[in-house]
Amino acid sequence: TPYRNHHELTESRRYLEPICNKFFPVTAINPTDDHLKRKFHRLSSYFGYYARGNPLLYYYSTHKKYTVALVDIMRSNRYDIVQAEYWFMAKLFGFSNKNALKVIDTHDVLFDKLNQTLKQKHGERLPFFASRALARYKKLEIEYLKNADILLAISRADREILCEIGTAANTLLIQSGQDVGYFNRSRGRPTEDIVLFYGSMG
């Protein structure tokens, strides 16, 4: 886990060390007490976004400092399974043991979620930078999803999108989430004793 200050490190050690087999803290590239570093990385991420169309998340998640630290952890422990949360962490698959099972826990099909978010903000006709960023995001996500041995989908809607992009053979549905429309069709009109919790699912 990356930590940005001493308080985060202390809290992480307090709550994570007791429940982790091994705990690996990594200093964040943008610590809270270093304004120059924070500004530098913010500007660098914006440069990648405006010059190349790279997603802002991709800049931080695949930064060399984090990649090197995580690759060292993988190689020194020789894991049988390497699981990435979301596609943008799956750059590490290229450095893992070739026999390791590579898994992406999707939670959302993120290009679909980004598409919804951008259209809510800009309307159906997206401005140039938003349209280019969405196209780049989708291309990168599909590329990384196809490099995984197993994808974990948490809703039928997500699994359908994953199958459309050609990952049906390696997609496993663990239905911890339900599309609202699917929920309503299968239950009829919800009664007062029904509570529907919703997370970040697209």
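**Entry 1: the overall layout**

I began with the secondary structure, and the protein chain comes to eight helices and six strands. For both I rely on DSSP runs (H or I of at least four residues for helices, E of at least two for strands), numbered from the N terminus. Read from the N terminus, the order of elements is β-α-β-α-α-α-β-β-α-α-β-α-β-α.

A note to myself on the source: this is a predicted model, where local features need pLDDT of at least 70 and side-chain atom pairs count only at pLDDT 80 or more, while totals for chains, interfaces and linings use all residues. Residues are numbered from 1 along each chain as its sequence is written, and side-chain values use heavy atoms, with hydrogens and water left out.

**Entry 2: burial, contacts and surface**

I looked up how much of the protein chain is covered, and 37% of its 202 residues count as buried. My scale is relative accessible area: buried is under 20%, exposed is over 50%, and partly exposed is in between (1.4 Å probe, protein chains only).

Next I checked contacts, meaning heavy atoms within 4.5 Å. Among contacts in the protein chain with a separation of 6 or more, 47% come from residues 24 or more positions apart.

The accessible surface of the protein chain is about 13,100 Å², and carbon and sulfur atoms hold 54% of that. These areas come from the Shrake-Rupley method with a 1.4 Å probe; for residues, only the protein chains shown count as cover.

I followed the pairing around E4 (101-105). Two strands pair if DSSP finds at least two bridges between them. E3 and E4 pair in the parallel sense over five bridges, and E4 also pairs in the parallel sense with E5 (residues 150-153), over three bridges.

Asp-105 turned up on both sides of my notes: this E4 residue is the bridge partner of Glu-85, and Asp-105 also stands opposite Leu-152 in E5. Is E4 mostly covered or mostly open? E4 is mostly covered, with four of its five residues buried.

**Entry 3: helix H5**

H5 spans residues 110-122, 13 residues in all, and reaches 18 Å from its first C-alpha to its last, close to the 18 Å expected at 1.5 Å a residue. The expected span is 1.5 Å times one less than the number of residues.

Which residues of H5 are buried? They are Leu-110, Phe-111 and Leu-118. They sit on the same side of H5, because they cover an arc of only 95 degrees around the axis. I take that arc from the directions from the helix axis to the C-beta atoms. The cover over these buried residues includes helix H6 (128-146) and helix H7 (156-164). After H5 comes Gly-123, with a positive phi near 90 degrees.

Most residues other than glycine have a negative phi, so I looked for exceptions. Arg-78 is one, with a positive phi of about 50 degrees. Arg-78 lies in the loop between helix H4 (64-77) and strand E3 (81-85), and counts as exposed at 64% relative accessibility.

Tyr-86 also has a positive phi, near 75 degrees. Tyr-86 is in the loop between E3 and E4, and at 18% relative accessibility Tyr-86 counts as buried.

**Entry 4: salt bridges**

How many salt bridges does the structure hold? I find six, taking a salt bridge as a side-chain nitrogen of Lys or Arg within 4 Å of a carboxyl oxygen of Asp or Glu.

I wrote up these:

- Arg-14 and Glu-11 have their closest N and O atoms 3.7 Å apart. Both lie in helix H1 (residues 6-16), three residues apart, about one turn of the helix. Arg-14 is exposed at 52%, while Glu-11 is partly exposed at 27%.
- Asp-108 and Lys-113 meet at 3.5 Å, N to O. Asp-108 is buried at 2%, whereas Lys-113 is partly exposed at 29%.
- Lys-139 and Glu-143 meet at 3.8 Å, N to O. Both lie in H6, four residues apart, about one turn of the helix. Glu-143 is partly exposed at 38%.
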